[in-house]
Amino acid sequence: MKQIRMLLSTAMTLAMMLPTALRAQDNATHENAVDALWRHATEAYADKRFTEAAETFTRISDMGYGSAELYYNLGNAYFKAGQSDIGANGRPFASGELGRAVLNYRRALKIDPSMSDAQYNLDLAVDYTNDTEGIPEFVMSRVWRSLRDMLSSNAWAAISIAALAVMLALATMYLLSRNIAMRKAGFYGALLLALLFIVTTLLAASQRSVELRDDMAVVVCRDTAPVHSSPDSETKVIREPSQGVTVTVGRTLGVWSEITFADGEKGWIRTADIEIIR
Amino acid sequence: MKGHFLRRVVALTTVLLCMIGTAAADGDVSFKVDAPTITPLGSYLRVAFEVDARPDDDSFEAPDFAGFDILAGPTVATGRQTYWINGKQTVTESYTYTYVLMPQAKGTYTIGAARISVDGRSYTTKPLPVEVIDEGDQSESRSNRNNSSPEAHVAKDDIQLRIKLSSTSVYKGEAVRASIVLYTRTSIATINNVKLPTFEGFWSQELPAGEDSSSREELDGKVYTTYLLKEYLLYPQQSGALRIDPAELTAVAQVVTQSSRGFDPFFGGQEVHNVNRKVSTPAITLNVKPLPEGAPRSFNGAVGQFTMQGSMPPSKISVNSAASISLTISGRGNLKFIDAPSVAMPESFEIYDTKTSDSIKVSAVGTSGTIKYEYPFVARSSGEFRIAPVEFSFFDPAKEQYVTLSTEPITLTVTNDGSAAGITADSRTLTSYGEKMKQLDRDIRFIHTESGKLRREHRLFMFSPTYFLLVVIIIAAFVVIYAVMRQRIRENRNIVQRRIKHANKVAVQRLRMAERYMKQQQRHPFYEEMLKAMWGYISDKFNIPVANLTKETIREELYRRGVAAADAELFCEIISRCDEAQYAPSTSNSMEEVYADAMEIISKIESIVKR
């Protein structure tokens, strides 16, 4: 009787686990394919076959995978491919590779804002564009931003959770201990951890909202794209951003998108000429 | 003795002078033959043997003129020239032996070597081949000449202009020689209205005119006298079929005709006419082949055959001293189009302008000579530097391939010795290399070869359900732990309280038990119960486990709670007495006494330590 019941329970457990196991196997084959693609792409890059590397990294991205390293490498591949792609006007990046490079560096930094290589390469790539300087920030907000960009929102959230746990442990110590020194340590420690908890929670929330932003876009076009004063090609061209200029997207009207430049200037651009940083 | 020596010197000098004299005579004598190398059948030719010294009498031996009839000769002509150069008189004499010959048949015949002796020394001429060609029947044109106008005396093809190219197919940049030659079968008085081609697509350089510009040549089966008007070296600057514009000129031919008036008493019935004839060269094209693919990186347009020599600075120089690398490129080709090969100098070297000096000779075979490049520099920081080999590439049209020459790599040790002190402060402040690393160029950083955590989507943890769940779990855990701990502490405190409260009661119960044993006179259980009562009382009263108790701690604990030292001592003493009495059979002190003392001290402590 007892044996039958055990058998039954085992069978049930297996039946419940089977779909999970199958999915795991499916994932494993998928990951092997991604690994092969990754190796192929990095080898192509090392062999200076940059266009091929860019295509392969894009395939990984198209399969739904993403990481800061993937976008960083994709940006590099576009940048290198574009450097030798001299157009009819004698300028490099003839097929819009610079815009794609900037876009992918920004994507990498969105996932991992502390990735210094991506920031370095982004700064270098932006030097090739005609992007304008942003409005200067206040010192405090700059400090806050650089502190925030040290970690991703997930990391800040993990720290805040840990701070909460330690804070409550110290509070317990303060509340229950009969030893004066322990109580003191518990009290002040808990106070400090509470402060840490609040700050990291705010940082995490702030970083999360940055990571969730989908109104930042990069101009991706062959050379330069005209920006009109109204959503109408007959109106005056107020600016001609080159590929790789980063803008903020506002309203959308037909094929037109309202954009704001870093220096606050607004205009309308064809939506096809920009790509949102997701 | 002395006279003898003098005589010997004089004799020696005389011998030497004589030797110089003969040597000079030997070197100067030239004996050569002058005759056209080509001649038409049916017309005579003149052969002259010329010697520029006085020959020994009757020493001239004429060669065998096989194939020719001797019409006249030898006629001897002498010439004498006297030069005064720097007050020194030089006399040159020349003797010319001339024959007039008539070829017997067409073919190639050789005029053999003539022999002559000057001052007993014999000289010979080189045998000279002469080609005799048959121009066909000339009688028609001859008869034509006899009647009509002077124009008709100059046949259409009697005067022709040609551009002759040394090669019809060359590589771009390879020199080709172009000669503008006038061919004539009549005597030319003068030429005018000369229009020379512009040589479009070429870089042209005129060659210096040679001394002897006329000769005889065959053209279309006829013998012409040729005059070399101009000669150029052409360097094609582009590839493809390059057309050379025709050259034009008007030649004035002199024609002697029989006077149409029949009889002229003085001039013998002959008149001289000038006939203008405008001639131009046929248009010619030169096929210029482009240079083949696969030019080396250091190739910058040099075509020809070159050699390179590098002269390197000493391998050890001191800081702030000047040195230079020099390269000498010599050979034949388009030397004037060569750019200075680039030399990769270390960053800390101060490099000055390259000096170029050349000595280039233009001759019929092409431009040849040497170009010297000098690369001066000043080493501004010490250390060991390696200068990459200097490369120079050129295209060799003969081998049809690129050739790259390179110097040895140069290793240069720049020492920081005392000689730097000699440099003025001015130049030292000018340069501050080597203090800070310079950013040479910027490039993006390399890719990350590790894929990192490739995720299907970027999950946000902040404010996610997991996040809130974790917060709730942590807070709940805190609340539960706190509540449980608090409860347990409270319960613990209650137990202690009760024990303290009941300490006296427990002690009294145990003492009663002891009293019962006392009445039964059971010594061992009595003392045992007494000890239990005493130890247990302290343990309960002060909440100290029995195991942790000693007489010392009891004494201390009692004293701390305000019990007099004597009483504490008494308490311990009672314990000692019980301990002793428990195992000693003797009845040194009665049970009653111990019991009374214990009762008394416990009630005393109880009254003092009241909680």
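How many bridges join strand 3 of chain B to strand 5 of chain B? Seven bridges join strand 3 (residues 45–51) to strand 5, and the two strands run antiparallel. Strands (E, at least two residues) and helices (H or I, at least four) are DSSP runs, numbered from the N terminus. The model is predicted: local features need pLDDT of at least 70, side-chain atom pairs count only at pLDDT 80 or more, and totals for chains, interfaces and linings use all residues. Residues are numbered from 1 along each chain as its sequence is written, while chains are lettered from A and ligands numbered from 1 in the order in which they are written.

In chain B, an open sheet of four strands has the order 1-3-5-4, with antiparallel pairing. Two strands pair if DSSP finds at least two bridges between them. Strand 1 (31–34) and strand 4 (68–85) of chain B stand at the edges with a single partner strand each, so one side of each is left without a neighbour in the sheet. Neighbouring strands are turned by 15° against each other on average, direction ignored.

Strand 4 of chain B is joined to strand 5 (residues 88–103) by 15 bridges, and the two run antiparallel. Within strand 5, Tyr97(B) stands opposite Val76(B). Pro103(B) is the bridge partner of Phe68(B). Thr96(B), also in strand 5, stands opposite Glu50(B). The hairpin of strands 4 and 5 has two residues between the strands, and Asn86(B) takes a positive phi near 55° there.

Helix 4 of chain B covers residues 465–519. Just after helix 4, Gln521(B) takes a positive phi of about 60°.

Helix 7 (153–176) of chain A packs against buried residues of helix 4 of chain B, as do helix 5 (523–542) and helix 8 (591–608) of chain B. Buried residues have 20 or more other C-beta atoms within 10 Å of their own, with C-beta atoms placed from the backbone. Among them are Tyr467(B), Ala503(B) and Met518(B). The axes of helix 7 of chain A and helix 4 of chain B come within 10 Å and cross at roughly 10°. That makes the two helices roughly parallel (angles under 35 degrees).

Definitions and conventions:
Axes are lines fitted to C-alpha atoms, for helices over the stretch in contact, and angles run from 0 to 180 degrees between N-to-C directions. The expected span of a helix is 1.5 Å times one less than its number of residues. A residue is buried if 20 or more other C-beta atoms lie within 10 Å of its own, exposed if 12 or fewer, and partly exposed in between; C-beta atoms are placed from the backbone. Two residues are in contact if their C-beta atoms, placed from the backbone, lie within 7 Å. Angles under 35 degrees count as roughly parallel, over 145 as roughly antiparallel, 65 to 115 as roughly perpendicular and the rest as oblique.
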